[in-house]
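Morning, everyone. Let me put the model on the screen, and then we will walk through it.

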Amino acid sequence: DGSDGYSLLIIVTASGFSFQLGFGFTLNGLGGLLGLHRTIKVDVLVDGLKTNTLKSILFPEDVVANINRIISDLKQVFPIQQDHFVVGLMAKIGWGTPTLVSLDLGVIVDFPDPRVVILGVLKAALPKEDAAVLKLQINFIGIIDIPNSFIFFRADLYDSRLLAFTLTGSLALLVAWGDNATFALSVGGFHPDFHDIPTIPQLPNGFKNLDRLGISLLSGENPRITIQCYFAVTSNTVQFGAKAELYAEAAGFNVYGYLGFDVLFQFEPFHFIAKLYAGLALRRGTS
């Protein structure tokens with residue numbers, strides 16, 4: 001911006017080779033990251049799990065064609081900050097011949113207040129990539145922040161399917177100690193009536209926009225059949241539930257049906273909520 005000083009961010013990756021590690025595992029890529037007068041924005045990375053931002057950092061593909069997206073992502077994830085430094089190592093690990101399961105993994109340390117950020121993209125295509133019955137991609141981030149007294153992990157399914165059925169789901173874990181001691185684990189979100197979702201100042205969006213664990217048994221919006229579920233544990237609650245939903249539309253009318261349950265136990269003071277609900281309607285629009 002014209003002021004004194006400079007900043008630097010460089011990412012170097014090498015792939016296209018295969019080094020045997022044993023037990024069917026191979027090392028297929030190595031990389032490194034160095035940022036001078038740069039920091040790392042973990043909240044941007046958490047939001048980017050659903051948009052595949054990690055692929056702009058971990059072994060980016062087709063760099064020339066995607067350069068605008070990559071540079072935009074890097075500017076947001078690693079903004080300029082005076083006297084901050086980031087350094088990281090990356091590895092691409094595969095399993096099977098040809099590779100059936102791959103893991104792009106990066107470990108980044110942010111100085112001078114040591115904070116370790118672990119980034120990963122886990123992919124599986126079974127029984128083989130060009131005729132996959134199961135296509136799975138899990139984007140995840142782990143944060144070990146000792147100065148701020150917390151450990152956080154978040155994972156989201158991205159572009160995943162079983163046969164032609166879309167798979168969704170999120171997982172988040174927070175362990176904090178000290179003045180803001182708390183514990184929370186959520187697989188697929190929280191009970192609809194639970195609003196005391198744990199947060200910490202350094203990561204206000206950690207548990208936002210969690211997707212239910214679900215499968216869409218019909219592709220598209222009409223018709224559709226979806227099955228979703230969730231399970232969560234916090235310092236003072238246990239909660240779980242599931243829902244199946246049907247929708248079909250024709251000639252200006254639609255059929256909408258659902259069946260589900262939600263359960264919430266609170267320990268102090270003790271109480272619980274248990275709901276079972278179902279419905280089936282023939283509608284014109286929403287009437």
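Start with F59, which sits in the loop between α1 and α2. Helices here are DSSP runs of H or I with at least four residues, strands are runs of E with at least two, and both are numbered from the N terminus. Now the ground rules. This is a predicted model, where local features need pLDDT of at least 70, side-chain atom pairs count only at pLDDT 80 or more, and totals for chains, interfaces and linings use all residues. Residues are numbered from 1 along each chain as its sequence is written, and side-chain values use heavy atoms, with hydrogens and water left out.

Back to F59. Its phi is positive, about 50 degrees, although F59 is not a glycine. Is F59 buried or exposed? Buried, with a relative accessible area of 4%. The cut-offs: buried is under 20% relative accessible area, exposed is over 50%, and partly exposed is in between, using a 1.4 Å probe and protein chains only.

N209 also has a positive phi, near 60 degrees, and is a residue other than glycine. Look for N209 in the loop between β11 (182-187) and β12 (213-216). N209 is exposed, at 60% relative accessible area.

Next, helix α2, residues 67-77. Its buried residues are I70, D73, L74 and V77. Viewed down the axis of α2, they fall within an arc of 100 degrees, so they line one face of the helix. That arc is taken from the directions from the helix axis to the C-beta atoms. N68 and K75, on the other side of α2, are exposed. What covers the buried face? The cover includes β1 (8-22) and α1 (42-48), with contact meaning heavy atoms within 4.5 Å.

Now the cis peptides. One joins F111 and P112, with omega about 15 degrees. P112 is in the loop between β4 (101-111) and β5 (115-126). Another runs from L126 to P127, with omega near 0 degrees. P127 lies in the loop between β5 and β6 (134-145).

Last, the lining of the largest cavity. A cavity is a set of points on a 1 Å grid, over the protein atoms alone, where a 1.4 Å probe fits but cannot get out; lining residues have an atom within 4 Å of a point. Among the lining residues are F152, L174, I200 and F207.

Terms used: 1 Å grid on protein atoms, 1.4 Å probe; cavity = no way out; pocket = protein on both sides within 12 Å on 5 of 7 lines; lining within 4 Å.
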